Amino acid sequence: MKNSIKIERAIAGITQEELAKRIGVSRQTINAMESGKYIPSTVLALKIAQVFSKSVESVFSLEERD
Amino acid sequence: MRSYYLLPHRCKLPAMLLFAFFFVLGLVQLSGHEFDYPFLYRTVINIAPSNLFQNGIKPDFLQRVNIANTVLGVGFILSALMLGFSAEKHEDEYVSGLRLSALSWALIVNYLLLAVAFLLLYDLSFLSAMTYNLFTVLLLFLARFQYLLYKSRSNLPHEE
């Protein structure tokens, strides 16, 4: 699964740290998701989409191998 | 996401100190030093004494023994569990995932090591390896978990 968290973050002008605080996780978690090393739970994906006021599908999408 | 079976983060530091204490004493004991002091001889309950099934002999459920092994073993196990299962400062689902991954890695490596011991060690050497093996699963888990946490922290890019 790929995501556009980094891009959405740049558009919204917020740092990893700020996003982490807003959804109640550590900065490592945001970094791991952005670098594709961690696939978040549905709850976390929904929270992230909510921060950017977008639907989950526009932030997260399936890849060929999924 | 809620993490289960975790102690609060404030347990981490006492757990570290206790673990270091029992780990060092354990190494001293394994290196051949015997903790043989009068105050360590206590009366204990042995639920399976060696004469349990001998006819006509009353089993020795109460025995006076050196409890150094008991204290070290229980202390090591409890402090290691406390250390591995105390919440991190920023405990979240990613950290839970790292903990579970470290646990499964430790279990696999531990049993592979035991399989090697079965193949290559016999008699008393095998018994010693079994004794070590009781503790290696916890040691491998702690080492792997700390390594994964360290790696996730060191990969963080600098940001304003």
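Predicted model: local features only at pLDDT ≥ 70, side-chain atom pairs only at ≥ 80, totals over all residues.

Chain A has an average pLDDT of 95, and 100% of its residues score at least 70. Within that chain, strand β1(A), residues 2-3, has the lowest confidence with a mean of 94, while α4(A) has the highest at 97.

Next, a stretch with a label. An unreviewed UniProt entry lists residues 5-59 of chain A as "domain: HTH cro/C1-type". That span is 69% helix and 0% strand, and its end C-alpha atoms sit 6 Å apart.

Now for where the two chains touch. Chain A brings 14 residues to the contact, and chain B brings twelve.

| Helix of chain A | Residues |
|---|---|
| α2(A) | 16-23 |
| α3(A) | 27-34 |
| α4(A) | 42-51 |

The largest share, five residues, comes from α3(A). By class, the chain A side has five nonpolar, seven polar and two charged residues.

Finally, over to chain B. Its helices α1(B), residues 12-30, and α2(B), residues 68-84, pack at an angle of about 140 degrees, with axes 8 Å apart. Their crossing is left-handed. Residues of α1(B) in this contact include Phe19(B), Phe22(B) and Phe23(B), and those of α2(B) include Leu72(B), Phe76(B) and Leu83(B). Counting by class, the contact between α1(B) and α2(B) has 13 nonpolar and four polar residues, with no charged ones.

Key:
Residues numbered from 1 in each chain as written. Chains lettered and ligands numbered in written order. UniProt positions renumbered as here; feature names shortened; annotations may be inferred. Helix = DSSP H or I, 4+ residues; strand = E, 2+ residues; numbered from the N terminus. Contact = placed C-beta atoms within 7 Å. Nonpolar A, V, L, I, M, F, W, Y, C, P; charged D, E, K, R; others polar. pLDDT = per-residue confidence, 0-100. Axes fitted to C-alpha atoms, helices over the stretch in contact; angles between N-to-C directions. Left-handed = near helix turned anticlockwise from the far one by under 90°.
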